Amino acid sequence: MPVEFIGMVATAAGSESQGSSGPVVDPGYLDQFVRAHEEAGFDRVLVAHASFMPDGFVVADQILARSSKLGVLLAHRPGFVAPTIAARKYATIDAFNPGRIALHVITGGDDADQARDGDLADKPTRYRRTDEFLDVLRREWESAEPFDYDGEFYQVRGAWSAVRPPAGRVPIYFGGASADAVRVGGKHADVYAFWGEPLAGIAERIREVRAAAAPYARSPRFSVSLRPIPAETEQAAWDRAADILELTRARSADLQKFLKGSNQVGSQRLLGYADEKDVHDKRLFTAIAKATGAVGNSTALVGSYEQVAEALVDYVNVGVSTLLIRGFDPVADARDYGSLVKLVHEQTADRDLTPPPPAVPVATTAQA
């Protein structure tokens, strides 16, 4: 299994350093963005979710129609769509585009953004709801016979779907850094996603998630999200990073207008690393995360193309098999990242990235 590369697309131009411009939905821009990722060798692109964004299911369908093999990782917040209906939505997309859709579960770390869509539940409640949501979702995908479900949040009677993924599942990616997230993600995730922390932090988090997954005899893969800033030379890359930081600082107030990243445990972790120092592991640049309040994945890898590729491989070496990379000049960077994709594949061609079998918890062994 080769390293999986995931990009991120939007329906309009913009980034932390560039601001936003043009219409909210620009079909021509989306077309360029999709083609840039497909030509650069990406496996999937993420369609993100927030209360003010265009509908992700429609955007995912447009991406798939504009490409021949590019997959989509469609973010979804449990709680707004019944799990049986969500299951059929994903299964229907999969039926038209076999193997090209995946679900990215984001329970929601920003209370204010949840409230804009009418969800006033607190985070612990949202994670309990997510757990049930995924229980029902999987049953809808897997069950050839009608089933009932009785939970705290969902009760269904005779649920059954005529459209189901051929393998009985669509891949589930899961994001979140809190203890509740690890507990629920350990139970359900096929791929557990982290923001770009230093290598030691990622290794620690992998151990935590593997321990949470072990009681369910599950062995998830792992993803890390980073913002590469490569150039022909290391100095040129750091000069570019300094320019991006300056532009981002000038726009930080607008960026945080709708999303307050500091409410999220993952954001707090990034800000903690940024407070320690600007650069970790030689080229993990955290100053942009600090400038944005760590709204979203905002830590960068800075260096020559070869140096950034080596840094990406360092994450593979600690157990990551999916790399979600996106730039600050979105379309141009997506095109440019083709060289990083090629270099990383060359350096990991002989690796077996199959997850290890689930670890047996010490407590279970002692009881046996």
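Predicted model: local features only at pLDDT ≥ 70, side-chain atom pairs only at ≥ 80, totals over all residues.
**Entry 1.** I started with R157, which forms a salt bridge with D150; the closest N and O atoms are 2.7 Å apart.

**Entry 2.** Next I noted a network. Salt bridges with shared partners join R138, R169, D190 and R218 together.

**Entry 3.** I moved on to helix α4, which covers residues 111-116. Here D113 pairs with R116 in a salt bridge, with 2.8 Å between the closest N and O atoms. How far apart are D113 and R116 along helix α4? They are three residues apart, so about one helical turn separates them. D113 has 0% relative accessibility and counts as buried, while R116, at 39%, counts as partly exposed.

**Entry 4.** My last pair was R66 and D31, a salt bridge whose closest N and O atoms are 3.9 Å apart. I wanted to know where each residue sits. R66 lies in the loop between α2 (56-65) and β5 (71-76), and D31 belongs to helix α1 (residues 27-40). The two are 35 residues apart, and the pair links distant parts of the chain. For R66 I found a relative accessible area of 26%, which makes this residue partly exposed. D31 is partly exposed too, with a relative accessible area of 24%; under 20% would have counted as buried.

**Entry 5.** To finish, I looked up the total. How many salt bridges does the count come to? I wrote down 24 salt bridges.

Technical notes:
Residues numbered from 1 in each chain as written. Heavy atoms only, no water. Salt bridge = Lys/Arg side-chain N within 4 Å of Asp/Glu carboxyl O. Helix = DSSP H or I, 4+ residues; strand = E, 2+ residues; numbered from the N terminus. Buried < 20%, exposed > 50% of the residue type's maximum accessible area, 1.4 Å probe, protein only.
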